[in-house]
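Have the structure open beside you as we go.

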Amino acid sequence: MTKPCMFTTRWYNLLKNTMDSSMQSKKGSQNRKTKDTQNKPHMPPQKDAYARLLSQHRSSKFNSYLEQFARNTLGQSECNTPNTSQIQSDGLNIPQRRRDQLPNEFSDSSDFSPSSLKNKTEESSLSMYMEKLGIGNGPPEFELIPGVSERLRKGQRRDTTTSHDGDIESGEELIALNESKKQQKQHKKSIVSNEDGAQSPDKISTCQQESESTKKSKKKSPAKQKEDQRNRSRPEVEAQMSQLSKNQKLQPNKGTSSPAEKKKNKGGKGSKKQVFEPYMPVEEVSHGLKRGELIEGQLRINPKKYHEAFISCPDDGRDIFLDGIVARNRALNRDVVVVQILPRDQWKVVRSDSDCDGASESETPRKQTIKAVNKQLNRPEGSDQDSSVNCANVKSQDKPFTSQFSDDELQKTAKVVYIVEKKHSRAVTGFLKFLPDKNFAMFSPTDHRVPRINVLLSDCPHDFSFRPDDYANTLFICRIVDWPADSNFAQGLLAKSLGQAGEIEPETEGILIEYEVDFSDFTTEVLNCLPKNLPWTIPPEEMQRRRDLRKECIFTIDPATARDLDDALSCKLLPDGNYEVGVHIADVTYFVEEGNALDLMASQRATSVYLVQKVIPMLPRLLCEELCSLNPLTDRLTFSVIWKLTPEGKILSEWFGRSVIRSCIKLTYDHAQSMIEAPEKLFTAEELPPFDPEHPIDEIHQAVLRLHSIAKNLRTQRFTGGALRLDQLKLSFTLDKETMMPQGCYIYQYRDSNKLVEEFMLLANIATAHHIYRHFPELALLRCHPPPKAKLVQQLQEVCDTLGINLDFSSAGALHKTLITTLGNDQYSAARKEVLTHMCSRPMQMAQYFCSGQKTDEQQYKHYALNVPLYTHFTSPIRRYADVIVHRLLAASLDCGPKLGLLTKEVQKQAMHCNDKKTAAKRVHELSTELFFGVFVKECGPLESEAMVMGVLDQAFDVLVLRYGVQKRIYPKHINGVETFHKRKVGKTTELTLVWKPENPNEAPVQQVISIFTRVDVQLVSDRAALKYSAELLRPNTDES
């Protein structure tokens, strides 16, 4: 008798023991077979084991392999001997010298068949599978199989890199115990339907393992279904195999690996599977970009669905989609990356245009395939019956499934192959979690877009191992120092303990560190660059070089809390009936010499950062609040632009130069507004701040009125000429002066006094842009605003058409005109305008600084919203470094400053840095506002308000809370009192119908239709998470439903 093949004998033992261990609790189950099972002929024991193992896996290729394996082994058994344990090695045509391998026809980078990968960088799929089951590095297989089965009954592997719950068993395997069947179904649904909105960390932990796999949903026998109901958890092997399938399919090694990496990838005992593929070599990336085979862009990770990421498409089409952690290849939010487009059959199928940016749900090719197969088999949609084999048949018989869709129905997908620049700071706030029997702790970032981080216990507080509960609510800063390619988890070092979560100062400090805002004290070297003799006075020789405007009626208009006053205005009536209008800007470059330590520090900070409770200044406070600030009744150095204007605002002449001014009064916007609203009133000294007696109150009042009149004409001309303004609600706070805690909040009102200042600042910036570009066409630092993305504009146009809104998107001016006239004049017209303004803001791109020498096409210089050919920033050098460079260019052009030491590349590099810092400062301000409002809701809530629906997704909708100007997402499945809900498509929009339980059993359920512009009532309530809050939908009145 031929000696049995060792491999096949082990494989049979694996199958049989799996069956035995899972059947021990089901004695006599053979007598309870279904009719179909009873009618089948008797099969050898290993067929039953094969069927059971098959039902535990959801890979069609793995199924195909096992079917072939069973047929071959059964054929051998019948020919050689009825003893099923004597399986011949030649049944699979395996030579004696290669019994540990299988034929090449089973080899595939995305299946689980054993293959020889002698010339590849990946392990044998079968050895990987054995290792995942715990067989590869331990005792013989049959000794470990019962343990595997026991583990399968208890839970599943969770290899998430972004969730931060506390159920952690180790840094590499996170076990979720006794998950209910309801949760499983929700996980499965979220995987298939790509559920919108924020998912819980527990959901993400399982979803991320399977979100990219196209091999799911196996057919189960009735007996297996009953067993699943008792176990109430999916097998651990399913999650492992899904993860392995995903890694193999989406990470072919396109780039070259170092010898060490190749050795690591070969597999074997003790080796670890590569989670991420190695980055491409720089030369290959460069050539790929030149040939158009690769694309460079900035990575944007969806904060509400952080397994989704996007980069902009170069051809202005739909954003390119990156699905999952693996596709991002260790890149973080805001990183500049190079991506490679995946094959068309892996592109994302989108049902609506909102799918393309993660705002809604979408159907992957896998889900569409399942629907098609179910249709072929006359199954109902969403059938749980097995479709994997049929899907495989569809693939084998037809073209790739995505070929059934047009390009308009597909979104390109990609993977990161190189990180050009790590824009993300790699510093995050979060919490430490203790892992028993490990030499490291798990750091869970509060930002779920960042992976979990392993931190050595030696780097943790000295008593953390003994008293971990003492640190459960302590907020830490951790810096990522490495992220190995073979790990789902990054490695990091603790940078700082911030304090207790939920307190404003620790939370604020965490925000500043995450966004790399330098809030440290200025160094001695920097402070040594400041004037030493205080109080400082203007040197006589400097006075002689400047135009003396100290006798003119010049004043500032700023917020009441402002301390860095960098702009002032003047307006004088001329004998010919025209006006001399001046804009006077603090001359910061007199104090900040190019190249010294102060200049370098300012260039690095690039901008002041405004928080709710304080300002992080770009320059030392001696400059910001004293020497450069245009404080009243004090001589100050300025850069002025003075025009001769007609009453209609037409420019007759223009002058630029360095000057000296003496502000006669510090007005607030409230003071100026009072003067505008009461043109005939005689204001008293008690009603205004201290002022210069040489300029009486009436003179100041008349100057304000003249400026207001000219500003109205300038504004009318701007919008008639095609400008666009999209104002959004801005939340402001009143703070306790001692504790700096919020006492109240309100929507900031943008009034005529704000518009007055804005018009003259815009006029000065536009005039300066033309001046410096005329003198330095290769060096001018300008600010452009690209037009909105055409594809997104088209999508918005279609949505507006569905809603019956007539908006003209042909130009910025046309959009502005139709936006202010299309929404009626009832009590909710202003709310509808706010919602529509938000919708119109989505296609808009960010304005950017750039050096004129870096763009050859002057059409790219244009500012879309302002509708001007040239624009720059000149009016705020105290708080923006871009303005400092512009001042130097202006001084050089007027021969009143040192020669420039700037090169085009240097200006462009600084412009890009200013862009990054400005974006970060804007985000920090938003987070500070959210933080303080969270405190306000916690201390004063719950807060009720009217709200208006801004957008509707498949299982959620967004609202604008009108009283506070905040935006929140609401999930119907979490609304108390809602029995059920359903959606329907209305043109290009989605509509949800909520069915509320009747308050009285004798009454019928109440239906509430949710669509864009629906008015609803909400309640803002504080969450259990520190300083977080959510919006709850209130039951509608009967007449509103």
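Q: What makes strand 7 and strand 10 a pair?
A: Two strands pair if DSSP finds at least two bridges between them, and strand 7 (residues 336-341) is joined to strand 10 by 6 bridges, so the label applies. The two run antiparallel, with Gln340 standing opposite Lys415 in strand 10. Strands here are DSSP E runs of at least two residues, and helices H or I runs of at least four, numbered from the N terminus. This is a predicted model: local features need pLDDT of at least 70 and side-chain atom pairs 80 or more, while totals for chains, interfaces and linings use all residues. Residues are numbered from 1 along each chain as its sequence is written, and side-chain values use heavy atoms, leaving out hydrogens and water.

Q: Why do strand 3 and strand 10 stand at the edges?
A: The open sheet has 3 strands in the order 3-7-10, with antiparallel pairing. Strand 3 (294-298) and strand 10 (414-421) each have a single partner strand, so one side of each is left without a neighbour in the sheet.

Q: Why is the pair of Trp536 and Tyr590 called tilted?
A: Rings of Phe, Tyr and Trp (its six-membered ring) pair if their centres lie within 6.5 Å; planes under 30 degrees apart count as stacked, over 60 as edge-to-face and the rest as tilted. Trp536 and Tyr590 are 6.2 Å apart, centre to centre, with 55 degrees between the planes, so this pair is tilted.

Q: What makes the pair of Phe933 and Tyr1029 edge-to-face?
A: Their planes are 80 degrees apart and their centres 5.1 Å apart, so by the same cut-offs the pair is edge-to-face. Phe933 and Tyr1029 are both buried.

Q: How do you know that Phe760 belongs among the most connected members of the largest nonpolar core?
A: A nonpolar core is a set of buried Ala, Val, Leu, Ile, Met, Phe, Trp, Tyr and Cys residues joined through side-chain atoms within 4.5 Å. Of the 98 residues in this core, Phe555, Leu756 and Phe760 touch the most other members. With contact meaning heavy atoms within 4.5 Å, Phe760 touches residues including Leu569, Trp643 and Leu714.

Methods. Buried means under 20% relative accessible area, exposed over 50%, partly exposed in between (1.4 Å probe, protein chains only). Lists of a residue's contacts leave out its neighbours within four places in sequence.
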